[in-house]
Amino acid sequence: MLILFLCGLGGYLIGSIPFGLVLCYLAGYGDIRKVGSGNIGATNVLRTGNKWLALLTVLLDAFKAGIAAYLAYKLVPAVPVDGNNSLMLNVLASLIAGTCGILGHNFPIWLKFKGGKGVASSFGFILMTQPIVALSAFLVWLFMAFTFRYSSLSALTAAAIVPIIAFFLCPPIYAIFYTAIAILVIVRHHANIKRLIKGEESKITFKKK
């Protein structure tokens, strides 16, 4: 239990690093929370018009949850949690660390628990733990993004499809954690869902505003 707690805490602290906010300050755009939707994720960073800054934000946000999962998997002993060896301790620690990394991104202690929506962090975590599931979800995101040009709708669709794919392709423990993550992503997009219903959601654009 202590090992799992430390993995969760470490994952949370890594995930709570607000890369979008830091990068925008360093690039001279000021507080990204005062732009667009007000969140610190890559979609809002893209609203500065700086595609490369948004790309770097995506990579770093994805990397932090993924690296938390990777470190836990490598550092924690591969010993069975249950009697029939169906679940290993390092796998459980990895899932907990990555999930807490996503929670850290969504609710960073440094920003009074007001962070991003966890899409990039969720993708990086799933990519590190189950690459096939992550790549399948990414293809869904690309299709939705190019077809409808709504980043939020693309993220919501990809998030919803992840637990379904995991149910068929992965051990049950992965589907459980991925379902929790999908629910979190959907809940964090509640404002976007309302705007989509009203037809007021902003579309993906590369033009500087």
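Which residues does Thr 57 touch, not counting residues up to four places away in sequence? The legends below take up this question and others, view by view. The model shown is predicted.

**View 1. Thr 57 and its contacts.**
Thr 57 sits in helix H4. Its contacts are Gly 20, Leu 23, Ile 40, Gly 41, Ala 42 and Val 45, leaving out residues up to four places away in sequence. Thr 57 has a relative accessible area of 0%, so it is buried.

The protein has 10 helices and zero strands. Along the sequence the pattern reads α-α-α-α-α-α-α-α-α-α. Taken along the principal axes, the C-alpha atoms fill a box of roughly 60 × 35 × 25 Å. The radius of gyration is 17 Å, which agrees with the value near 17 Å for a compact globule of 209 residues. Of those 209 residues, 47% count as buried. Among contacts between residues at least 6 apart in sequence, 62% join residues at least 24 apart.

**View 2. Asp 61 and Lys 64 pair within helix H4.**
Three salt bridges occur in the structure. One of them joins the side chains of Asp 61 and Lys 64, at 3.4 Å from N to O. Both residues lie in helix H4, which covers residues 51–75. They are three residues apart, about one turn of the helix. Side chains of opposite charge can pair when their charged atoms come close.

**View 3. Arg 33 meets Asp 31.**
Here the side chains of Arg 33 and Asp 31 form a salt bridge, 2.9 Å from N to O. Arg 33 has a relative accessible area of 37%, so it is partly exposed. Asp 31 is buried, with a relative accessible area of 14%.

**View 4. Glu 201 meets Arg 195.**
A salt bridge of 2.7 Å, N to O, connects the side chains of Glu 201 and Arg 195. Glu 201 counts as buried, at 8% relative accessibility. Arg 195 is partly exposed, with a relative accessible area of 28%.

**View 5. Helix H5 is mostly covered.**
Helix H5 spans residues 89–106 and has 18 residues. How many of the 18 residues of H5 are buried? The count is 17, and the helix is mostly covered. From its first C-alpha to its last, H5 reaches 26 Å, close to the 26 Å expected at 1.5 Å a residue.

**View 6. Gly 98 within H5.**
Gly 98 is found in helix H5. With a relative accessible area of 0%, Gly 98 is buried. It is in contact with Ala 65, Ala 69 and Phe 125, leaving aside neighbours within four places in sequence. Gly 98 and Ala 159 are 61 residues apart in sequence. Their C-alpha atoms are 16 Å apart in space.

**View 7. Helix H8 and the helices that cover it.**
Helix H8 runs over residues 151–169 and has 19 residues. At 1.5 Å a residue it should span 27 Å, and its end C-alpha atoms are 26 Å apart, which agrees. Buried residues of H8 include Ser 151, Ser 152, Leu 156, Ala 159, Val 162, Pro 163 and Ile 165.

Leu 2, Phe 5, Leu 6, Leu 9, Leu 13, Ile 109, Trp 110 and Phe 113 make a nonpolar surface patch. At 39% relative accessibility, Leu 9 counts as partly exposed.

Conventions. Residues numbered from 1 in each chain as written. Predicted model: local features only at pLDDT ≥ 70, side-chain atom pairs only at ≥ 80, totals over all residues. Heavy atoms only, no water. Patch = residues over 30% accessible without salt bridge, like charges linked within 9 Å, V, L, I, M, F, W, Y side chains within 5 Å. Areas by Shrake-Rupley, 256 points an atom, 1.4 Å probe, with all protein chains shown as cover. Salt bridge = Lys/Arg side-chain N within 4 Å of Asp/Glu carboxyl O. Buried < 20%, exposed > 50% of the residue type's maximum accessible area, 1.4 Å probe, protein only. Helix = DSSP H or I, 4+ residues; strand = E, 2+ residues; numbered from the N terminus. Rg over C-alpha atoms; globule rule 2.2 N^0.38 Å. Contact = heavy atoms within 4.5 Å. Expected span 1.5 Å × (residues − 1).
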